[in-house]
Amino acid sequence: MLRFTAKRFLGAIPTLLVLMVLAFALIRVAPGGPFDSEKQLSAEIQERLNAAYHLDEPLWQQFFRYLGNLLKGDFGPSFAYADYTVSELIATGFPVSLKLGSLAMLLAVIAGIAIGTMAALKQNTRADYAVMTAAMTGISVPTFVVAPLLVLVFAVTLQWFPAGGLGNWQNLVLPVIALALPQIAYIARLTRGSMIEVLRSDYIRTARAQGLTQAEILLHHALKAAVLPVVSYLGPATAAIITGSVVVEQIFGVPGLGRFFVQGALNRDYTLVMGIVVFYGVLIICFNFFVDIAYRWLDPRVTL
Amino acid sequence: MRRDSNQGHSLFRIAMQSLLSSKATVTAFVVMALVVLLTAAAPLLSPWAIDSTDWESVSTPPSVETGHYFGTDDVGRDIFVRTLYGGRISLLVGLSATMVSLVIGVFWGAIAGYAGGRTDQLMMRFVDVMYAMPFMFFVILLMVYFGRNIFLIFIAVGAVNWLDMARIVRGQALSMKHREFVEAARAGGVSHLNIIRRHIIPNLLGVVIVYVTLTIPQVILVESFLSFLGLGVQEPMTSWGALVNDGAALMESAPWTLFFPALFLALTLFCFNFIGDGLRDALDPRDRAGEP
Amino acid sequence: MKPPSALTTPPLLELKSLNVSFAGRDGITRAVKDLSYTLRASETLGIVGESGSGKTQSVMSLMGLLPHNATVSGKAVFNRTDLLALSQSELNRVRGKDIAMVFQDPMTSLNPHLTVSAQMSLVARRHLGQSKRDAFAECKRMLDAVRIPEAAKRINQYPHELSGGMRQRVMIATALLCKPKLLIADEPTTALDVTVQAQILQLMRELQTDFATAVLLITHDMGVVAGTCDRVLVMSKGERVEENFVEPLFATPQHPYTRTLLAAVPRLDEINIKLTPPTGTTPLLEARGLEVAYPVDSNSFFAPPNQLKALRGVDLMLLPGETLGVVGESGCGKSTLARAVLNLIPASAGDVVLMGEPLRQLTATQRRAMRSDMQIIFQDPLASLNPRMTIANILCEPLDTYHPNLSRAQKLRRASIILEKVGLKREQLGRYPHEFSGGQCQRIGIARALMFEPKLIVCDEPVSALDVSVQAKVVQLLIELQQELNLSLVFIAHDLAVVRQISHRVMVMYLGKVVELANRDEIYSSPRHPYTRALISAVPIPDPKSQQRLGFAEISGDLPSPLHPPSGCAFCSRCPLAEPRCANEDPPLRAVGRSMVACHLAE
């Protein structure tokens, strides 16, 4: 266990480095800069700004300066939001995104596994076909189509929930559902497929021969094995939810990290964009580490 | 070769037969073919051009009389024509980017799988590192900084998707290498090139076809996601994602501007996914006892 | 075995015209037709048949374990209730409690995600209503009863941490938890090595007496039946063809099918095939000090990978027209030997000499040219044929390399001649592998090996995936081809009886080493190595009268891990005769009488 943690920690270092180099290069090689705006700044001011933010140094020097600051936990100041540091912006945006994302993930996992299991038990019946067609539709209809539709139906027409903003739990209902729907559909399909496979396996036959009830078989024998593909999917699912949150936050006007990122990219806010990419990179690496531990716990044959 | 009663039935033919025996799959095929035909024949089907404005009818609902079958948007552009032209872009991006990821992925995965050992470890370690990248963010950055170039979309999306392909092909190649029929061919002195050509590739094909069918809708989705963020194709060109973005803004006043592009997009994705699923089941030789 | 007084007790299970059919794509298949039999308390009934005989389906229907597309009719009266008429929840009160079942493959039949105690105590808690703690104690008691070593440790382990034999003991322990009246065992020892099979069968006999359980034993192995059952029911194509007490059935089989089945069983104690002696005296093939090591992932990130030494110095010699049998249990390195001889995997030490040419010293091109002289036949006939190629293409492919000048028609002509030689029709050339039965696929594999008149064929378990009657025919075919084409064969198998039929000389392997090498009569009539003796005595003999005739000491325990073989003699950890020096000194292969033996104590 300790060895595994150390191994993964060491393995994460090159990954993060590649991530930072790529992001840094992408941002800096691009034409345009943070201080290009409508009104031309005088050359002198431009120079002074560049010097203040060390933009006049060679790129590699800037990169190592950034790296050094990062090791001290300093993401640097934001270029566009003049009075804020990137850390402060992440600290404002991330709790909102985290709440939205984790709720969506929780909903997706619980609903997806439940729906998939039920479909597997009723395999090749009408109910199964109906549920699976719905799931296929869920995968095929993008979030940015579902989200406006949800607003149209539940906020504008029925007026059950507010169309966006922040506040109490009602504000979160529609964004969370919009974010979770494709993942529910995907996880349901995964669970159904693996559950069918597991229910066909020899050891389930053994359990049936032992006179265990359907519930006991599902709970004690089948579920652990059947959720393994779902656990492996959690990594990509997180990435998908982070991506989806960019859209959902835009549509529902939620001030999360996703919106900061798009805005930052458009404003050439180097440090903010860099900060968010690194932050999410670390987040995904950590998350994948926990997923692997969960996998090990579920499948004793996997050695870490 | 002679075709007589002793002609065997290849696994692929059996798979196709079982696939085509399902009404739902055939329907999906037909719908998809219709969508492709419609987008291809777009200029013949309507007098309107993609960016021509009909000042007579601005924000009019679908109607046969005006010739705006899907209605018009807030500047009087014909949604029917725009949906079909947008479909061209979406499908084109889907196909091309999938081909990019197919070529890179098959190449990378096959080499890693055959070579094995250290080469394999290094190559797959690279894939692992790439997997941990928040790629969508990179694509967004690319789009923002390098302009909304359609070829860039192909490359960006293709470069993201090849990772899965490489993993799948590598796994298959690795297991295929130790299959007994490959060993038999090696014992028979068949050259490496011929083993790859006759034994490995034909047996990989099924998986690759399935994967391609399932990648196309993913790519279309990514493109429309970018277009939705305003980072995809630029006016006057359009794509389903861009149309849905426009439509979402007019959702309350002119819902048809959202409905039709969204419908085409969803229908296409649905058909691809459905056919891909069906193909996978048909090519999977495991028993399907108890199927209706 | 119990006296026939068992007849007087009332029947425990009575089957009345049981029918099982499956609805599939090609219509309805009748798997079991009008099957009736009775089973009395504490009696053992063997149901024997080849694959497709419906023997497994007949018991699966009693347990309600058939897939959804199956239809069952008839009656199965157990303890005065008709099992087939029970609802799911009523059936759940019977199965696992009064009727328990043991399955073929203990690896897949145990849940890999649960510890032994977790899966066992589920049964105890369901049927005995025990608390968690009581259930655990009961499971522990039962593991002791099936003589699992270190039960206290094993109970908290996962199935993959146990050996095959131990897993099957866990299966049996779970089955006996509720003291069932009837135990159904579906091929309980088929997936096990022969020495482990002997242990498990012995255990089942003892437990049956202790628990007074009736046993329904399903098997394809006539030897297992002869040693275990009171009565035997022979099935073929879903029907009962014969039913009798075990001794008269073997002594005077009535039905022609039973007779062919019995005749096809290779017997260790009888030789029924004459072999022609080798045709030359100069060795065709020699291997000297052959070693193969595989790298195995080590646990540590930085440490170099471990080495699994699959072959630890093997010498062999083969004359033209001779067959060398290679026998050993799983993990002894026999398949590695096959591939190393053919140069399909690189040897880490030693050399192979074919017709006086050391393969190591040849260039890659020369080695390729030598390939046409040596061919291989695999264990799994279907897996060894490319599913996407027609038989014609499969057979002609090797010709492309060595005779690129032949026209397609010439190649096809040769393919059809060879195909007929192995007993198939030339019209079948256009078909695909999946359209043939297992035996036919193996014939195609043989045909492919024969395409350019090789001098040597290495057969890696060529018949172990086949039914006995098919086995016998394939072995016969190989013997005929050997005589006709003057072939040398290396015949690798775990089945000693088959090896005895076909081999001139037999080599016994254990953990990557040769422990004994002798002429076939010598090795079977006077085996000298304790492992050879154990192997031979473990083979069930298909004759109820001659069970345990040889009376050698059985061996206990399981094969040690090939990653960490014991020091000194590899066999010393299981050897009944082991002395202190066996653990220190590795015995060399030396001549003892007319055999070569690697044992300090053999004389």
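The legends below describe close-up views of a predicted model.

**View 1. The contact between chain A and chain C.** Chain A contributes 23 residues to this contact and chain C contributes 31 residues. About 2,500 Å² of area is buried between the two chains, and carbon and sulfur atoms account for 59% of that area. Between chain A and chain C there are 12 residue pairs in polar contact, counting pairs with both residues at pLDDT 80 or more. On the chain A side, α1 (2-29), α8 (202-209) and α9 (214-226) each supply at least two of the residues that touch chain C. The largest share, six residues, comes from α8(A). Sorted by class, the side of chain A that touches chain C consists of eight nonpolar, six polar and nine charged residues.

**View 2. The salt bridge across the interface of chain A and chain C.** One salt bridge is found across this interface. Its partners are A:Glu216 and C:Arg126, with the closest N and O atoms 2.8 Å apart.

View 3. A:Thr191 belongs to α7, which spans residues 169-199 of chain A. The relative accessible area of A:Thr191 is 1%, and the cut-off for a buried residue is under 20%, so A:Thr191 is classed as buried. A polar atom of the A:Thr191 side chain lies 2.7 Å from the backbone oxygen of A:Ile187. When residues up to four places away in sequence are not counted, A:Thr191 touches A:Gly112, A:Ile113, A:Gly116, A:Thr117 and A:Val230.

**View 4. Helix α11 of chain A and the residue that follows.** Helix α11 covers residues 257-267 of chain A. Its buried residues include A:Leu257, A:Phe260, A:Phe261 and A:Val262. A:Gly258, A:Gly264 and A:Ala265 in this helix are buried as well. After α11(A) comes A:Arg268, which has a positive phi, near 55 degrees.

View 5. Strand β17 runs over residues 456-460 of chain C, and five of its five residues are buried. Both faces of β17(C) are covered. On one side lie C:Leu456, C:Val458 and C:Asp460, and on the other C:Ile457 and C:Cys459, all of them buried. Strand β16 (residues 374-377) of chain C pairs with β17(C) in the parallel sense, over four bridges. Strand β18 (residues 488-493) of chain C also runs parallel to β17(C), and five bridges join the two.

**View 6. An open sheet of four strands in chain C.** The strand order in this sheet is β2-β1-β4-β5, with antiparallel pairing. β2 (27-40) and β5 (81-82) of chain C are the edge strands, each pairing on one side only. Strand β1 (residues 11-24) of chain C is joined to β2(C) by 10 bridges in the antiparallel sense. Within that pair, C:Ser21 stands opposite C:Arg30 in β2(C).

Key: Residues numbered from 1 in each chain as written. Chains lettered and ligands numbered in written order. Predicted model: local features only at pLDDT ≥ 70, side-chain atom pairs only at ≥ 80, totals over all residues. Heavy atoms only, no water. Buried < 20%, exposed > 50% of the residue type's maximum accessible area, 1.4 Å probe, protein only. Contact = heavy atoms within 4.5 Å. Buried area = accessible area lost by both parts, 1.4 Å probe. Salt bridge = Lys/Arg side-chain N within 4 Å of Asp/Glu carboxyl O. Polar contact = N/O pair within 3.5 Å; in protein donor to acceptor, adjacent residues only side chain to side chain. Nonpolar A, V, L, I, M, F, W, Y, C, P; charged D, E, K, R; others polar. Pairing = 2+ DSSP bridges.
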